[in-house]
Every structure is written in C-alpha cells, then in structure tokens.
Amino acid sequence: MQQTRFAWYLLAPAIILLAVLLVLPIAIMAIYTFYEFVTAGVEKANYTLANWQEFFTDSYYHLFLWKTARVAAITALACAVMGYIPAYFIWMTSFRHKWLLLLLLIVPFWISFTIRTFSWIHILGEQGAINVTLKTLGIIDSPIQMLYTEGAVIMGMIHFLLPYMILNVYVSLEGIDRDLLSAARTLGCTSAQAFREVTLPLSLPGLCAGLLLCFVLAAGSYVTPQILGGNRDALFGNLVYDTIMEQLNWPMGSTLSIVLFVLLGIVSAIYSRYMGLSTIFKGLSR
Amino acid sequence: MQPRQAEDASGVWGWRAVKIVTILVYIFMFAPILVTVILSFNASMFGGFPMTGVSLQWYGKLFQNEAVLRAFKTSIWIALLTAAVCTVIGVMAAIALTRHEFRGKQWMNTLVILPALVPETILGVGLLLLMKWANQPRSYLLLVLGHIMLALPFVVLVVQARLIGIKRVYEEAALSLGANRFNTFREVTLPLLMPAIVAAVLLVFTISFDNITASLFWRPPGVETMPTQILAMLKISISPEINALGTLMIVITVGLPLLGGAIARILSGNRQ
C-alpha cells in the first residue's frame, strides 16, 4: 500500500504536467469545435454545429484531407522500400564496423530538422546541384522545376523519416533467430525463398511499426511543405496553422485539429489492435 | 562482407543489389547536408551553386547578426531549462513505471508516451487554446513547459530501457543491509543509471533546441528561437549566411552527443 503511494508521488509531476498541457487542452479543443465564429479572434459560446457542418460539406477540406493522406501514404511506402534494404544489410553484414553504420543512422536525429529540410534546396533548386550539373553538361538549357513541388515535399519527408523506418526494421530483424535461416537453407530453400518465407514475415512487426510512425508523422507535418513546397502543396497541418494563426478562426481551427487527432488516433488504434504499440516504443527509444 | 548464406546465384546477386541500395540510401541521407556544409564556404553572394571561391566571410557576417545571436541565446536557455526539468520528471516517472506495481499503470504508461505520437500541430494548437481559455499571454514559461511535454516520452523511454537492464537484486541487497530508499537510490540505482541520464539530458537538449513546429505556435510575440529564425531567414532568401549557420549548428548538435556518448562510455566503463 505504501509502495503504491510512493509510485504515485514519483509519477505526480509527469502526470500533472500532461493532464494540464495535453489532456485539458484537447478537451477544450473539443468544446471549441461547437463555438460560433464571429470575426477574427472573436467567438461566442453559443453551442452550434456550424463548424462541423462546414467541415463535412465543404469539399475544400476534403481535398486537403485526401491530399494529406495520399502524400503521407506515398512517403511511408517509399520509406518502407528505401528503409528495409539498409536495415537488412546492417543485420546481415559481417562488416567489422557495423556500429558505424548504426551510428550514422542516429546522426540525422541530431542534425536540426530545419537544416536537413532546407539542405534539399541546394539539391533540387534552380541553383541546386542537379540543375547546375545538368546545365554544365549541356543536357538541359533551362533549369527543371523540382523545388516547390509535391515531389520535393515528399522527398524532404522521406529524408526526415527514413532513420525511424530503418531503426524500426532493424530492431525487428535483430530479434530473429538466425538458426531459423540456416534451417530453411539446410531444408533446401534458396536464399530468396528463405528471405520470403522466414525473414520477411518475422520482420513484419518492425516494418508495420515503421509504416505507422512514418504515416502519422508525415500526415501531421507542417514545416516541410512550408520550406520545400509551393502554395499548392500545403498539407492539413498548414491548413490548421493558417486557420488559427492567420485567420484567427479558433473554432474552425479546433475542429480541424480534432479531425486530424481522431483520424490519426483511429489509424494508431487499428494498428495497436493488431500489433501492439510496444514495437513502436522499442523503435522510438533507440 | 559476405553474408553467411549466399552460395546460390540469386543470393549473390541479391546481396550485391542490397549492398548497392544501402550505399545509395546512405548517400541520399548525407549528400544534402554535405552540400550545405560545402556551400557555407562559398565566396559567392548567392546561397547556391556555382562555387566562386572559398571564404569564411559568411561566418563572420553571422557573428555580427544580432537577430541570429539573440535567437541562439534564447534557444540555448530554453533547451537548458527544459533538459534540467524534463530529465528529473522523466527519471521519476520511469522509476515509478518500471520498479512499482499499481493499478492503472498501463494507462499511465500510454499517457506518458502520448506526446510522441500526437502530431505537433495539434499539441501546438492545444496549448494556445489553453492560454486563450485561461486568458494568459504566450510567454517563455509556456515555451519551456511545452518543450518539457514534447521531450518527456523520450526521457522515460531511454531511462526505462536502462532500468530494465539493472538487476533489482542490487537495490534489494542495499535495502536489506539497512539503507533507506533514498540512500539506495543515491548509492546504487543512480550511479548505474548515469549513462542513461546523460543520454536523456542530451536528447532533451537537442529535441528542445531543434523544435520548430510547436515553437512556431508557442513562442511569445516577437521572439525567435534558432529554428524559427532560420525559417524566417529562408522566407526572405537563401543566403549563404544560412548555410554557415546550418553548418555551425551541425557541428554543435553532432559534436555534443558524440562527446556525451564518450563521457557516458567512460563513466560506465569505470563502474565495471
């Protein structure tokens, strides 16, 4: 009994902090979705469904939602393909300096996200590495427009999310008993078959954890489209920011935030129903 | 560099393909950063290619840029405060969640991790709404509290991972030999936990120092942190000064954890 009370004392600061800064604000947000927007920065506490009606009937919002889901899905899938292979390599290799490969995966987490994102301007921009090289070689006359497109936004997000994916898959691969592979080979599997029948299925939890993490983080992104995208490449996060910080429409901004929160919550809930969230935590704590 | 089982042809070719893709992915991850570092030494007036000469002038310019220096100081202070408070709270929570059994533990575990899973835009809007509801202006305190919330899951995860690895028998031995709970913690658990605490402090520092999305919502009017300052500069033009700034920050944020890792290794090495 005394033990239990002590545990709660230890937890108290964290719980109070999160209750006030996380749970309470989301509750307020939910209430605000029913407030009436009067004019920029002013709203009335008349309970109305106007915001929800606007959200459900205006195709403007649906378009944003769809675009965000599409971009996040493409990003997550690209991360899966580009991330699985290096993770597999690091797991399989007998290279002596394996730790270096792993360390290099952690290093991007230390480099400012803003800097990592804007560094793509030097690759994709009009004065960037690709355009300047192609022009010098005489292949093109005028620069190709690569920056400020949806492709650039996706590229930036892949760059930011790839380490999460690789680490998640790697943690999962590390858990596989290598004897299973030898057994499969002894029993006559080709190496391709052994991969398909043993390695891939057993690493699926890590891959799925990576997919979820990449999807959720991409869908909530705000800064990448700001730096690498044009006006047309704004995502749902940008819509939320503009609604609140520019139009000062708090009720609508709250509605949009709750929509994003609920949708991503559903995705995570479906995932944890089948996989358990513990895999993600394992990946995050690396 | 051969894998253990690659005798058949498909295995050899497949492995070669895996190797090439891996190299390409590593290039993909580091080429843009490397290009930024190289361009920071460009003498040209413009931020991009071609290189017109090697020069350190943009670094000089940077140190005369009042706005940048101010943003840098702001970020350092916020990150230091966040790291100090968040680590203490996080270590306490991690101990409660690994060393004690109580009802509702699963829920508490999820709650503590939640800030890492909710998009920052939503966390950002939430805190602003709270301030609006409580009729409070945006302040530095809000920014620090917000950063503490954002970094808390990571402290708990890192410390928990280490705590699970520390055998309980050490603590039990100390307790049965008559040490009270506080002394047991100070003399046994804390020293064993030190590497994880060092790692957590550095992690929190970088999370806070690097945070941009939530900071854009929470910063007091007129205040810029380092990342929001960079974003503001990017909106005007891609000047070579930004490249120099980026390079300096890379040196700091990569150098610091490497140093911390080395210290942690020495600390844990001495204990064994």
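This is a predicted model: local features need pLDDT of at least 70, side-chain atom pairs count only at pLDDT 80 or more; totals for chains, interfaces and linings use all residues.

Modeller: What follows is a talk about terms, each set against its definition.

Biologist: What makes A:Arg70 and A:Glu150 a salt bridge?

Modeller: A salt bridge is a side-chain nitrogen of Lys or Arg within 4 Å of a carboxyl oxygen of Asp or Glu. For A:Arg70 and A:Glu150 the N to O distance is 2.9 Å, so the pair meets that rule. A:Arg70 belongs to helix α3 (residues 59–92) of chain A and A:Glu150 to helix α8 (residues 150–174) of chain A, so the bridge ties together parts 80 residues apart in sequence. Helices here are DSSP runs (H or I, at least four residues), and strands are runs of E with at least two, numbered from the N terminus.

Biologist: Why is A:Arg70 called partly exposed?

Modeller: Buried means under 20% relative accessible area, exposed over 50%, and partly exposed in between (1.4 Å probe, protein chains only). A:Arg70 has 31% relative accessibility, so it counts as partly exposed. A:Glu150, at 22%, is partly exposed too.

Biologist: How do you know whether B:Lys105 is buried or exposed?

Modeller: B:Lys105 has 16% relative accessibility, which is under the 20% limit, so it counts as buried. Its salt-bridge partner is B:Glu101, with the closest N and O atoms 3.1 Å apart. B:Glu101 is at 60%, which is over 50%, so it counts as exposed.

Biologist: How many salt bridges does the structure hold?

Modeller: Over all chains there are five. One of them joins B:Glu187 and B:Arg186, at 3.2 Å. B:Glu187 is exposed at 52%, whereas B:Arg186 is partly exposed at 44%.

Biologist: Why is chain B called more spread out than a compact globule?

Modeller: The radius of gyration is taken over C-alpha atoms, and the globule rule is 2.2 Å times the number of residues to the power 0.38. For the 272 residues of chain B the rule gives 19 Å, and the radius of gyration is 23 Å, well over that value, so chain B is more spread out. Chain B has 11 helices and zero strands, and its C-alpha trace spans about 70 × 70 × 35 Å along the principal axes. Buried residues make up 53% of chain B.

Biologist: What makes chain B and chain A partners in contact?

Modeller: Contact means heavy atoms within 4.5 Å, and 92 residues of chain B are in contact with 94 residues of chain A. One residue to look at is A:Ala14, in helix α1 (residues 2–32) of chain A. A:Ala14 touches B:Ile89, B:Ala93 and B:Leu152, not counting residues up to four places away in sequence. At 0% relative accessible area, A:Ala14 is buried.

How values were computed. Residues are numbered from 1 along each chain as its sequence is written. Chains are lettered from A and ligands numbered from 1 in the order in which they are written. Side-chain values use heavy atoms; hydrogens and water are left out.
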